Amino acid sequence: MSNKEYRPTLAQLRTFVTVAETKHFGTAALKLTISQPSLSQALAALEHGLDIQLIERSTRRVIVTQIGEELLPLAKATLDAADSFLASARGARGSLTGPLTIGMIPTIAPYILPAFLRLTAQELPKLEPRIVESQTRQLMEQLRDGAIDVAVIALPADAPGMQEIHAYDEPFTVVVPEGHRFAGRKDLSLNALQELELLLLDDGHCLRDQVMDLCRTAEMSPSSITSNATRTSSLPTVIQCVIGGLGATLVPQSAVSTECNRVGLATANFDPSVSAHRSIGLVFRASSIRSEEFQRLANLVRRAYETSSV
């Protein structure tokens, strides 16, 4: 019989939500940075207090019960409300103070972080930024789970339950081997992509998708876009492949000063009239009350980009 005076703690609800989403006790314990016995005890205390089974355990799998599935959205809403309460309390002390976990994709983080962290230290001395670098899909999952507060990614995210703030548009630069006939040009059309053996990042990177979209605009067939068997998981490796003569690539402008000042490389730019860019912005949960704070953060991201792209 349930105890009518029982009130679950936020820690117990967070345990339930994390186990339900990960379907694995070990993974849930790692995400919550607690021991597995502590996690099991918190879940057991919640179930005992409510006198219902939320999670069905077996040696091989974790199953959310039917009542657990029904209560899961309410548990998430409760945690969101608590996070909003805490954010509001922090806001009462001053905008953007305390810990803030910021996700960034790998084709942004290495290039704007130095300037961004400098700016935040100067203008938001009470902010404690925590950076998580991952691909867009993982960052969106972490946003939904509450593991990060905001993500800096390519827009549009088009994700339900999320809000977006545009920060800046970033043009692409063509990177070719030294001596290539495109080297130094500033008047390329999109059709010039048809003449290049393009090297792409591996699946999962939004930069790969953006480059493929440009190629489709240039009326390149899907087979010709992906015909190059060389694919890598990072821009630095793609650049080394260009130096080695395996092809050419496109990089965001913020990466040019870091990645393209190497022996054996040359760059070219599209004609200013050509729309060859990506849009970067902040994405956060629509349930958050921190939109004004995140607007200020987006302005810092934009300024960091402008500093990094000089």
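Guide: Domain bounds come from an automatic or database domain assignment, and for the protein chain in this predicted model that assignment gives domain 1 (10-92), domain 2 (98-167 + 278-309) and domain 3 (170-277). Residues are numbered from 1 along each chain as its sequence is written, local features need pLDDT of at least 70, side-chain atom pairs count only at pLDDT 80 or more, and totals for chains, interfaces and linings use all residues. Side-chain values use heavy atoms, with hydrogens and water left out.

Visitor: Which residues lie nearest the centre of the largest pocket, and which elements give two or more residues to its lining?

Guide: The lining of the largest pocket has 25 residues, with R14, V17, D145, G146 and A147 nearest the centre. Two or more residues each come from α1 (10-22), α2 (25-32), α3 (36-50), α4 (66-93) and α6 (136-145), where helices (H or I, at least four residues) and strands (E, at least two) are DSSP runs numbered from the N terminus. The largest share, six residues, is given by α1, and domain 1 and domain 2 each supply at least three residues to this lining.

Visitor: How does the lining of the largest pocket divide by class?

Guide: Ala, Val, Leu, Ile, Met, Phe, Trp, Tyr, Cys and Pro count as nonpolar, Asp, Glu, Lys and Arg as charged, and the others, Gly among them, as polar. On that basis, the lining of the largest pocket has 10 nonpolar, six polar and nine charged residues.

Visitor: How many cavities of 30 Å³ or more does a search of the whole structure find, and which residues line the largest?

Guide: The search finds two, and the largest cavity, with a volume of about 50 Å³, is lined by L199, L200, L201, L207, R208, V211, L235, V238, T249 and L250. Elements that give two or more residues to this lining are β7 (200-201), α7 (206-217), α9 (235-243) and β9 (249-252), and α7 gives the most, with three residues. By class, the lining of the largest cavity has eight nonpolar residues, one polar and one charged.

Visitor: Where does the second largest cavity lie?

Guide: Domain 2 and domain 3 both give residues to the lining of the second largest cavity, so this cavity lies between them. The second largest cavity has a volume of about 40 Å³, and its lining consists of I105, P106, T107, Q135, T136, G204, H205, C206 and L207, of which four are nonpolar, five polar and none charged.

Visitor: How many residues of domain 2 are in contact with domain 3?

Guide: Contact means heavy atoms within 4.5 Å, and by this rule 14 residues of domain 2 are in contact with 20 residues of domain 3, while the C-alpha centres of the two domains lie 25 Å apart.

Methods
1 Å grid on protein atoms, 1.4 Å probe; cavity = no way out; pocket = protein on both sides within 12 Å on 5 of 7 lines; lining within 4 Å. Points joined across faces, edges and corners; volume = space filled by probe spheres on them.
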